[in-house]
Amino acid sequence: MKTLKLVFLLAVSLAGPGSCKHEKEQPADRKMQIFIDDLIRKMTAEEKAGQLSLFTSDWTSTGPSIRNDYIDLIREGKTGGIFNAYTVDFVRSLQKTAVEETRLHIPMLFGFDDIHGHRTIFPVPLAQACTWDTTLIEKVERITAIEATAEGLNWTFAPMVDLARDPRWGRVMEGAGEDTWLGSLIAAARVKGFQGKSLSDSNSVLACVKHFAAYGAPQAGRDYYTVDISDRSLNEWYLPPYRAAVNAGAGSVMTSFNEIAGVPSTSNRWLLTDLLRRNWNFTGFVVTDYGSINELIPHGVAADQEDAAEMSVNAGVDMDMQGSAFLSWLPALVKEGKVSEETLNNAVRRVLEAKYRLGLFDDPYKYCNNKRESEDIMRPEFIAFAREVAAKSCVLLKNDKNTLPLSKAVKTIAVIGPLSDSRADMLGAWAGAGSADSCVTLVEGIRNKTGLSVDILTERGCNITDEEYDGIDRAVAAARQADFVILALGESSSMSGEAASRTDIGLPGMQMKLAEAVIKTGKPTAVVLFNGRPLAIPGLDEISPAILETWFGGTEAGNGIADVLFGDINPSGKLTMTFPLNVGQVPLFYNVKNTGRPINPENPHEKYKSNYLDSPNTPLFPFGYGLSYTTFQYSDIKLTKQSYRHGENIIASADITNTGDRDGEEIVQLYVHDIVGDVTRPVKELKAFKKVMIKKGQTITVAFTVAPEELAYYHQDMSFSYDPGDFEIFIGTNSENVKKASFKIEE
Ligand code: GLC
């Protein structure tokens with residue numbers, strides 16, 4: 001058997017203090033500072049307040065309030081930017097108003113939520129994360145930036161990097177899942193994709209890392225709800241992805257709606273000034289989320305809008321999204337000495353610097369290029385790449401008796417379920433300027449793949465959520481006529497995203513009833529899942545021969561899924577968020593603490609252990625899980641030595657053999673457990689991975705070098721360092737199915 005030696009060096013961690021600094025855009029140069037100082041000197045307090053105000057157009061609404069007088073506000077110099085406005089003609093007309101009709105002719109920023117694509121829509125970010133491919137993810141954002149700038153935009157409200165461990169929260173679809181280290185790598189890749197080589201390039205957009213901070217940790221998984229976590233959790237788990245994005249050069253940061261332990265992020269001076277600016281050296285600007293300055297009043301920390309404006313600008317907020325609080329109150333607050341002239345000028349400077357670095361003062365219409373708009377949108381190579389990403393984001397959750405891939409010799413396929421031909425749902429939430437009309441449905445993808453050689457029967461079977469339509473009998477009849485059945489089940493795209501938390505994360509409506517009836521026919525059946533969050537589907541898992549997780553795959557969803565269903569692409573995705581057995585287990589994630597009464601795997605119901613009377617502690621599908629159409633066998637771990645001197649790298653390797661009948665990619669994962677710490681440590685932490693192609697019958701050696709700094713953590717005194725001592729190391733195909741070895745770090 002041919003053995004190929006592949007040695008992979010681990011990227012140095014992005015998490016925690018002292019992490020590597022990515023080459024950031026150079027700070028404003030002297031010429032820029034002279035220009036901006038001169039401009040600030042000319043500005044009145046009202047014009048400064050205007051620069052610090054951001055309003056939505058009336059093209060779409062992404063929040064609870066909208067002002068229709070935004071064009072008047074532009075004309076009166078009362079806004080520094082507009083969001084939710086794009087196309088060259090619309091942007092040019094608004095920019096013309098700002099540049100030609102205001103006293104100081106300051107150009108505007110144009111922002112938009114390009115969360116997973118602009119016109120070409122890619123799979124939702126949680127799906128993309130399942131590729132574990134930061135190069136691919138960076139390319140997604142590069143294409144997004146090209147399309148966004150072709151339509152006049154220069155700022156995207158992305159990447160969303162909120163760590164999320166609770167699938168009840170609808171916005172898990174926007175992020176990278178439950179792991180801090182992987183989430184940090186992905187955060188940096190997204191920023192680099194958006195901002196490209198330089199912000200002055202006409203196809204680069206300003207990134208906006210959000211939602212700072214810990215928006216993904218609301219109690220009960222309820223959107224906008226209270227976040228009350230320890231400093232250690234905040235620093236160890238939630239902050240590193242934001243820091244990785246800042247280190248990658250993100251030009252702006254968006255404050256989150258939530259409080260953290262009693263202090264709303266939008267008025268949190270420790271967060272926005274002490275940590276973000278002084279400790280992390282962030283030099284960009286801070287924008288709030290939608291009206292979150294005004295929301296300090298219902299939060300109960302501001303008596304009125306004036307109070308809210310004062311505390312947020314003094315905490316470190318530079319720009320007020322949609323709230324009009326800065327516009328209404330900053331001039332008076334400065335006059336009353338409640339906000340210093342310096343604070344006001346620094347905020348204005350940071351916004352003007354962003355505009356300068358984007359090149360807007362040189363050419364306010366640089367993003368208004370009709371030729372680019374006609375050439376750079378949905379280019380064939382973008383569509384082809386979207387199809388590739390849709391396929392690579394798929395996760396094969398079950399495949400008993402090699403039900404999949406479908407043979408091309410199949411004659412009749414029944415595609416049954418409420419998502420089988422739903423075009424709009426393929427986009428997912430936060431689908432930017434994507435159009436449902438351009439999406440390929442599952443049925444269309446299968447038809448495109450099989451041509452006229454296969455009869456395709458389609459039946460809705462039931463609706464997604466309600467019980468209004470009962471087509472189960474028709475669906476069963478169609479299944480009986482077919483050689484193979486595909487069940488297209490899951491959520492609608494509006495069941496995840498913002499303000500879309502669910503207490504029941506099972507299969508909604510009558511879908512389970514439909515699945516039972518169809519599978520009972522005994523026909524070979526594969527479930528194709530469409531969802532924006534992990535679902536608790538043990539019943540569906542029990543009866544389904546095969547399950548392919550496809551999330552919301554975007555413009556090319558149907559074609560990408562068909563590529564996997566028919567085996568033209570061997571699925572390689574791995575979950576970055578745990579699928580629980582039931583919502584009662586939530587939050588359930590892999591890097592848990594052992595507790596003083598850990599469950600006994602040999603006797604899970606043993607009393608006086610940290611377990612439930614009515615449910616196992618184990619998930620349905622663990623973090624890092626995903627099958628392939630082939631199989632892989634892992635050797636025991638080899639360590640270059642059992643004990644390492646302080647400061648030495650740990651080198652571990654394993655031989656992985658493709659024991660199946662087709663080539664396949666495998667995401668080899670490495671986890672570490674610090675057995676005795678100054679504080680309790682997780683039973684496993686992802687510290688390295690490598691996605692490798694292994695040909696059938698081939699064995700490769702995957703070696704990892706883990707720098708000791710990867711083992712650092714926050715001690716009781718919040719110092720961040722690693723300790724000598726005993727460690728366990730794991731290498732495997734997911735966070736549960738691993739080989740184990742031990743090593744020591746000497747004093
Ligand atoms: C929304 C979202 C935020 C988005 C903003 C602008 O409320 O929370 O993610 O960027 O408003 O659309």
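Is Arg681 buried or exposed? In this predicted model, Arg681 is buried, its relative accessible area being 7%. The surroundings of this residue are described below, after the overall features of the chain.

The secondary structure of the chain consists of 21 helices and 28 strands. The chain has a radius of gyration of 26 Å, close to the 27 Å given by the globule rule for 747 residues, so it is as compact as a globular protein of that length. The C-alpha trace extends over about 75 × 65 × 50 Å along its principal axes. Buried residues make up 63% of the 747 residues in the chain. Of the contacts between residues at least 6 apart in sequence, 79% join residues at least 24 apart. The chain exposes about 26800 Å², and 50% of this area is supplied by carbon and sulfur atoms.

Charged side chains comprise 77 positive and 97 negative groups. The centres of these two sets lie 4 Å apart. Salt bridges in the structure number 46.

One of the salt bridges pairs Arg681 with Asp674, with an N to O distance of 4.0 Å between the side chains. Asp674 has a relative accessibility of 5% and counts as buried. With Arg681 at 7% and Asp674 at 5%, each partner falls in the buried class because its value is under 20% relative accessible area.

A second salt bridge is formed by the side chains of Asp726 and Lys744, at 3.0 Å from N to O. Asp726 belongs to strand β27 (residues 725-732) and Lys744 to strand β28 (residues 738-745), so this pair ties together parts that are 18 residues apart in sequence. Asp726 is partly exposed at a relative accessible area of 39%, and Lys744 is partly exposed at 32%. Arg681 and Asp674 also belong to a network of salt bridges with shared partners, which joins them with Glu236, Glu685 and Lys687.

In a further salt bridge, the side chains of Asp69 and Arg67 meet at 2.7 Å from N to O. Asp69 counts as partly exposed, with 27% relative accessibility. Arg67 is likewise partly exposed, at 26% relative accessibility.

Backbone geometry was also examined. Most residues other than glycine have a negative phi, and most peptide bonds are trans. The bond from Leu404 to Pro405, however, is cis, with omega near 0°. Pro405 is located in the loop between β12 (395-399) and β13 (412-416). Another cis peptide bond joins Val586 and Pro587, with omega about 0°. Pro587 lies in the loop that runs between α21 (557-565) and β18 (632-634).

Positive phi values occur at two alanines, Ala214 and Ala220. Phi is about 60° at Ala214, which is not a glycine. Ala214 is placed in the loop between β6 (208-212) and α8 (231-238). This residue is buried, with a relative accessible area of 1%. At Ala220, phi is near 65°. Ala220 is also found in the loop between β6 and α8, but it is partly exposed, with a relative accessible area of 39%.

Methods:
Residues are numbered from 1 along each chain as its sequence is written. This is a predicted model: local features need pLDDT of at least 70, side-chain atom pairs count only at pLDDT 80 or more; totals for chains, interfaces and linings use all residues. Side-chain values use heavy atoms; hydrogens and water are left out. Helices (H or I, at least four residues) and strands (E, at least two) are DSSP runs, numbered from the N terminus. The radius of gyration is taken over C-alpha atoms; the globule rule is 2.2 Å times the number of residues to the power 0.38. Buried means under 20% relative accessible area, exposed over 50%, partly exposed in between (1.4 Å probe, protein chains only). Contact means heavy atoms within 4.5 Å. Accessible areas come from the Shrake-Rupley method with a 1.4 Å probe; for residues, only the protein chains shown count as cover. Lys and Arg count as positive and Asp and Glu as negative; His and the chain ends are not counted. The place of a charge is taken as NZ of Lys, CZ of Arg, CG of Asp or CD of Glu.
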